[in-house]
Amino acid sequence: MEDALQEALGTKVLQPTGHMGGGCISHGQSYDTDHGRVFVKCNSQLEARRMFEGEMASLEAILKTETIKVPKPIKVIDLPECSTVFVMEHLEMRAVNRHSAQLGTQLADLHLYNQRLGEKLKKEGSTVGKGQGQTEVQFVDQFGFHTVTCCGYLPQVNDWHSDWVSFFTRQRIQPQMDMIEKKSGDREARELWAQLQLKIPSLFCDMEIFPALLHGDLWGGNVAEDDSGPIIFDPASFYGHSELAVLLLCNLPVPLMQCKLQPAVLSRNTKQSPSQNHRKNEVYWFPEKQLVCIDEIAPLFKRKDTQRNQRKFFHLKHRDKKQKDRFYQGPSKLDI
């Protein structure tokens, strides 16, 4: 594999550094090359190229905003023996500690970037770019993304929609409900979902939602820091509702590191990018967050209680009252 990788990268030097990693479903390591140190993620599954191409497109989109640090993507390569690799910049990363507040600020800057760009375009009445020969930064007025991304191996189709509710229900929740019905035949979930769809628009009444570029898979395992500040990685980006960005960080059971991370990130993020639905220092809990949490995450794990958790969502029962009370205030019940 290394000979083929060396040829694909056009480097005479390809020396393993001993740095290992890669996450839950891919493995990886770093190499010294003629062009500097790189990190190479490798996966042999059939879905690997689609997954890595979505991650590369996501990193490119975030990188262009210059709001928060991400590894610079280099290349997706198909190697012999059915392996696909994703080559990116090597970064010396450690768990977030002293830069957690800065992480919140920079996430808010990322979420506000597209809105601010639109306001600048409107004010100037001209195209915003970076000069001749460089990639132009485009304002996006719809919800979606230009390519498929993946949450684990699960594909997320990001067809463009003019409003958030349509994108949220059709491109995020409906595919998960179709998967549930196909795998388990859960008729109760299907019937409840049919009723709930009619209620979702009411959750967003009188809200002006700007498409925000999101990481798309933000949780404690996909954030880090170095000496210069926070880093985010392994994204599955799309343009969506900015409140969705802290979904996984807020709602999933988390290790100790993430529990320490949450308050600082949330406090700084909401001060920088206050929602129309809460005061500056409050983060409200909305039923749609639980909906995504259960529907998008449960299929990643082969658990016996998946069906029970799906029904649990539809009745909107809290998984952990202490966890809810610690981070959220506000509306928490939807009568179907």
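**Figure 1. Pairing of strands β3 and β5 in the predicted model.** Cys 42 has Val 85 of β5 as its bridge partner. The model is predicted. Strand β3 (residues 36-43) and strand β5 (residues 83-89) run antiparallel and are joined by 6 bridges. In general, strands of a sheet pair through backbone hydrogen bonds, either parallel or antiparallel.

**Figure 2. The open sheet of 5 strands.** The strand order is β1-β2-β3-β5-β4, with antiparallel pairing. β1 (14-21) and β4 (73-79) each have a single partner strand and stand at the edges, so one side of each lacks a neighbour in the sheet. On average, and with direction ignored, neighbouring strands of this sheet are turned by 25 degrees against each other.

**Figure 3. Helices α1 and α2 on the sheet.** Helix α1 (residues 2-9) packs on the sheet and touches β1, β2 (27-33), β3, β4 and β5. The direction of α1 makes about 135 degrees with that of β4. Helix α2 lies across β3, β4 and β5, and α2 runs at about 170 degrees to β4.

**Figure 4. Aromatic pair between helix α2 and strand β5.** The structure has a count of 7 aromatic pairs. One of them is formed by Phe 52 and Phe 86, with a centre-to-centre distance of 5.9 Å and 35 degrees between the planes, a tilted arrangement. Phe 52 belongs to helix α2 and Phe 86 to strand β5, 34 residues apart, and the pair links distant parts of the chain. Both Phe 52 and Phe 86 are buried.

**Figure 5. Aromatic pair of Trp 160 and Tyr 239.** The ring centres of Trp 160 and Tyr 239 are 6.3 Å apart and the planes lie at 35 degrees, so this pair is tilted. Trp 160 sits in the loop between β7 (154-156) and α4 (164-184), whereas Tyr 239 is in strand β11 (residues 238-240); the two are 79 residues apart. Trp 160 is partly exposed because its relative accessible area is 36%. Tyr 239 is buried, with a relative accessible area of 12%.

**Figure 6. An aromatic cluster.** One aromatic cluster is formed by Phe 143, Trp 164, Phe 167, Phe 168 and Phe 238.

**Figure 7. Surroundings of Cys 151.** The whole structure contains 0 disulfides. Cys 151 is in no disulfide, and the nearest cysteine sulfur, that of Cys 150, is 8.9 Å away. With a cut-off of 2.5 Å between sulfur atoms, this distance does not qualify as a disulfide. Cys 151 is buried, with a relative accessible area of 6%.

**Figure 8. Cys 24 and Gly 221.** Cys 24 is located in the loop between β1 and β2. The relative accessible area of Cys 24 is 76%, so this residue is exposed. Cys 24 and Gly 221 are 197 residues apart in sequence, and their C-alpha atoms are 9.7 Å apart in space.

**Figure 9. Confidence along the chain.** The protein has an average pLDDT of 77, and 69% of the residues score at least 70. Residues 128-135 have a pLDDT below 50, and this stretch has 12 contacts in the model beyond near neighbours in sequence. Over residues 300-336 the pLDDT stays under 50, with 78 contacts in the model beyond four places in sequence. Where pLDDT is low, the predicted coordinates should not be read in detail.

Notes: Residues numbered from 1 in each chain as written. Predicted model: local features only at pLDDT ≥ 70, side-chain atom pairs only at ≥ 80, totals over all residues. Heavy atoms only, no water. pLDDT = per-residue confidence, 0-100. Contact = heavy atoms within 4.5 Å. Buried < 20%, exposed > 50% of the residue type's maximum accessible area, 1.4 Å probe, protein only. Pairing = 2+ DSSP bridges. Helix = DSSP H or I, 4+ residues; strand = E, 2+ residues; numbered from the N terminus. Axes fitted to C-alpha atoms, helices over the stretch in contact; angles between N-to-C directions. Phe/Tyr/Trp six-rings, centres within 6.5 Å; stacked < 30°, edge-to-face > 60°.
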